[in-house]
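Here is my note on the model you asked me to look through, written as numbered points. Please keep the sequence and the 3D view open while reading.

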Amino acid sequence: MTRRLATIAGALAFVALLLGAWQLGALYGAISPIFFPSPVRTLEELAKQVADGRLWQPLGATTMRMLWGWFAASIAGVVIGAAIGLSRTAREYLEPMLEFLRPLPASAVIPVAVSFLGLSTQMSTAVIAFGSIWPVLLAAVHGFATVDPQLAEVSSSLCLTRWQRLWKIALPSAMPDILAGVRVGLGIALILAVVTEMQASLPGLGQNILLAQRSFKSPELYAGVVVLGMLGFIANQLILGIERRLLRWRALPE
Amino acid sequence: MRPSRRTLRGLVIPIVLFIAWEAGSRAGILPMDTMSRPSDIASAAHTGFADGSILLATWETCEAAFTGFAIAAVIGLLAGIVLGLTPRLERIVGPTVDALRPIPAVALIPLALMLFGFGLRMEASVIAFACVWPILIVTIAAVRGIEPRLLEVARALEMSFFARVLKIIVPAALGRIVVGLRLALGIALIVAVTVEIVLNPRGLGHGMMGAQQSLRPELMYAQLLWLALIGWLLNRLTLFLAAHWAGGAIDVDRAGPAL
Amino acid sequence: MIQAPVIEVRTVGMSFGNGTGARAVLTDISFDVVEGAFLCIVGPSGCGKTTLLRLLAGLLRTTTGVIRCHGEPVTVPSRDRAIIFQDYSKALLPWRTVANNVALALEACGVEEPERGAQVSALLRTMGLTRAADQYPSQLSGGMQQRVQIARCLAQRPRILLMDEPFGALDAITRQGLQDEVTRLALELGTTVVFITHDLEEAIYLGDHVIVLAANPGRIVERIEVGIARPRSQLATREDPRFLAHRHRLFDMLQDH
């Protein structure tokens with residue numbers, strides 16, 4: 001117990017040390033306050049944005065953008081992944097193409113999306129969906145393709161219908177892969193939300209931090225980065241929580 | 001070497017798609033201004049390679065990706081080895097790492113721009129930030145996973161710290177570290193292109209954006225396909241190297257193209 | 001009284017691969033099993049006994065010959081024939097609790113709640129699993145996991161129970177307990193059992209009849225009628241002179257082939 005407390009105290013002391021050095025440096029002009037506003041200034045800016053409500057609209061816009069594209073991608077990824085994963089023929093014809101496309105940076109489709117959809121919200125959603133579908137899709141293909149052969153025999157001998165096999169055997173057995181893919185996909189969705197906001201001047205945190213930089217309002221810029229970090233953290237934790245609930249059976253005391 | 005049945009089958013759908021694309025555009029079904037057509041793309045690619053513009057852009061993108069990756073590798077490996085060997089220090093620094101890691105690397109683009117202006121340095125710094133976390137995390141885990149008896153042997157032989165790192169720790173943890181490096185190199189390319197597309201006026205990302213804005217879709221697609229090919233080649237190459245150096249080819253591809 | 005056989009196996013052959021690469025796994029297998037009988041098939045590893053069981057289950061199709069159950073040729077699995085797999089840890093759904101694993105068989109038969117719940121708890125009681133109902137398979141010992149698999153098979157109310165070395169991986173005491181439990185249940189329910197094992201003593205102890213297979217290719221080299229009355233007991237039966245005589249004969253048999 002005391003060791004635990006000492007560790008927490010140590011961790012806090014480390015953060016305090018970093019922030020303190022930064023604060024002092026900014027205070028005494030050792031580092032430029034234009035580039036590195038002191039942590040206190042950043043927090044003041046953040047508090048001000050929370051107090052006068054300026055934070056919520058861009059935060060909400062970015063969050064919704066991220067969630068919509070990700071949600072569409074996750075559903076489509078699981079469905080398409082299941083179709084490919086369950087059919088050996090589909091795998092033989094499609095897997096090489098998927099493997100070729102996978103390392104393609106998701107942001108590289110931005111110019112294509114812009115030429116089809118213009119600098120619009122639809123463009124942003126399309127790019128986010130395209131980018132975050134890959135981890136889900138590939139994980140679902142893998143998960144559905146590697147259902148344990150013994151379980152396949154069990155479902156045959158129980159004479160399960162096709163639908164029962166899909167729903168009761170294949171989907172739950174692919175679930176760990178799918179959830180891992182969905183989590184990676186959400187991280188990508190946040191990144192692409194920020195990128196498309198910057199690129200297409202869509203309202204949101206991404207555009208805000210770019211505007212803050214252009215007008216050299218560095219506290220605003222830092223505040224935006226902090227909020228984005230928190231958003232990423234919370235999104236990841238939420239999915240981890242869901243994972244822990246759904247995959248309870250994986251981490252059990254013997 | 002004869003192409004396998006798998007390779008041949010894998011080629012069927014792309015070839016059919018390309019033919020349909022060309023035919024559809026010649027029949028006037030597909031809009032030329034957004035879709036272009038494969039034959040135009042091929043000739044744009046030919047011109048781009050002949051005048052060196054695509055190769056220059058490729059070099060600029062790769063230069064930034066490798067610079068950022070190298071910075072991240074040095075920091076990530078050193079910090080990872082130190083933190084992996086001293087769990088107490090890791091517990092103290094860990095929460096700070098956990099707090100910084102979820103920041104999307106692209107959120108630092110404006111910051112990097114403010115600090116370095118346009119160019120290689122700002123791009124490489126964003127790439128380094130994105131790449132350092134997977135390398136750091138994997139290295140800590142790899143060093144932590146070394147058979148404790150190996151470390152006892154090192155202590156019994158009274159090796160110096162550097163001898164221990166070079167002769168015991170790095171070889172023992174190499175397999176897993178290579179996995180992290182591979183993942184990071186993929187991320188480096190992705191972030192490089194992203195930064196170029198958003199605002200940095202150099203490299204393939206900027207080239208594609210420019211082609212789109214000057215309404216030359218054939219050039220845009222040519223660069224897009226070229227980029228896909230580079231990504232694929234890089235992936236194959238690192239997979240081969242990882243299998244070659246680290247013995248077991250540990251497939252982390254399932255982790256997907258995280259940024 | 002002559003009973004019509006429940007299972008008829010007629011000159012069954014099985015080979016994997018085709019053309020010159022074909023490998024014969026089983027040749028010329030013929031036997032009958034009558035209603036309620038307990039047949040043990042024993043043989044060394046690689047003699048094709050697991051393949052034979054999968055053929056009986058309908059999970060594989062014979063290359064030559066025919067298998068009939070209740071007069072109908074076997075080509076696909078049927079809920080009438082339950083199979084208990086050797087590798088219990090892989091044959092249970094790790095994401096379902098014990099009760100829900102058993103319920104799977106009832107879901108397959110279309111049994112709805114609340115009837116399903118009632119049947120599940122009855123089966124769990126029969127197999128002594130009531131206290132483990134809400135646990136996951138990975139939390140249970142091997143013996144308990146095998147009990148779950150048996151409960152799931154009983155849930156489908158099969159007339160034939162096919163068991164593939166079900167106790168091979170269990171420790172001796174657990175194995176003996178389950179052996180007695182399975183024979184008692186089969187007798188009570190009147191279920192016909194085909195039991196695969198590589199353990200001679202287990203085969204003689206459990207079976208009414210024992211068929212001995214030899215390997216390369218798998219073929220029947222001996223069949224005996226055990227002829228020891230039930231209920232049997234782990235101590236007395238295993239010391240019975242007939243048991244020992246069978247054991248000697250089959251042991252020599254397996255040595256020779």
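Predicted model: local features only at pLDDT ≥ 70, side-chain atom pairs only at ≥ 80, totals over all residues.

1. Chain B and chain C, in contrast, are joined by no contact, and their closest C-alpha atoms lie 20 Å apart.

2. The contact between chains A and B takes 56 residues from chain A and 50 residues from chain B. On the chain A side, several helices each supply at least two residues, among them helix H1 (2-27), helix H6 (121-145) and helix H10 (218-246). Helix H8(A) gives the most to this side, with eleven residues. When the residues on the side of chain A that touches chain B are sorted by class, there are 39 nonpolar, 13 polar and four charged ones.

3. Chain A also meets chain C, and here 15 residues of chain A are in contact with 20 residues of chain C. Helix H7 (149-157) and helix H8 (162-200) of chain A each supply at least two residues of the side that touches chain C, and the largest share, five residues, comes from H7(A). The residues on this side of chain A divide into seven nonpolar, four polar and four charged.

4. Of the 259 residues in chain B, 42% are buried. Among the contacts in chain B with a separation of 6 or more, 74% are between residues 24 or more positions apart.

5. How do two packed helices get described? The angle between their axes and the distance between the axes are used for this. The axes of helix H8 (residues 148-156) and helix H9 (residues 161-198) of chain B come within 11 Å and cross at roughly 170°, and H8(B) and H9(B) are therefore roughly antiparallel to each other. In this pair, Leu150(B), Leu151(B) and Ala154(B) from H8(B) meet Arg164(B), Ile168(B) and Ala172(B) from H9(B). By class, the contact has five nonpolar, no polar and one charged residues.

6. The largest nonpolar core has 208 residues, and those that touch the most other members are Val126(B), Ile127(B), Cys131(B), Ala188(B) and Val102(C). Helix H8(A) gives the most to this core, with 20 residues. To follow one of these residues in the view, take Cys131(B): leaving aside its neighbours within four places in sequence, Cys131(B) is in contact with Gly68(B), Phe69(B), Ala72(B), Ala184(B), Ile187(B) and Ala188(B).

7. Apart from its neighbours within four places in sequence, Glu45(A) is in contact with Pro219(A), Glu220(A) and Ala223(A). The C-alpha atoms of Glu45(A) and Ala223(A) are separated by 6.7 Å, although the two residues are 178 residues apart along the chain.

8. In chain C, six strands form an open sheet with mixed pairing, in the order S6-S7-S8-S3-S9-S10. Strand S6 (81-84) and strand S10 (219-225) stand at the edges with a single partner strand each, so one side of each is left without a neighbour in the sheet. On average, neighbouring strands of this sheet are turned by 15° against each other, direction ignored. Within the sheet, strand S7 (residues 160-164) and strand S8 (residues 192-197) of chain C run parallel and are joined by five bridges, and Asp164(C) stands opposite Ile196(C) in S8(C).

9. Another open sheet of chain C has four strands in the order S2-S1-S4-S5, with antiparallel pairing. Its edge strands, strand S2 (23-34) and strand S5 (72-73), each pair on one side only. Strand S4 (residues 64-69) of chain C pairs with S5(C) in the antiparallel sense over two bridges, and Arg68(C) stands opposite Pro73(C) in S5(C).

Conventions
Residues numbered from 1 in each chain as written. Chains lettered and ligands numbered in written order. Contact = placed C-beta atoms within 7 Å. Nonpolar A, V, L, I, M, F, W, Y, C, P; charged D, E, K, R; others polar. Buried ≥ 20, exposed ≤ 12 C-beta atoms within 10 Å, placed from the backbone. Axes fitted to C-alpha atoms, helices over the stretch in contact; angles between N-to-C directions. Parallel < 35°, antiparallel > 145°, perpendicular 65-115°, else oblique. Core = buried A, V, L, I, M, F, W, Y, C linked by C-beta atoms within 7 Å. Pairing = 2+ DSSP bridges.
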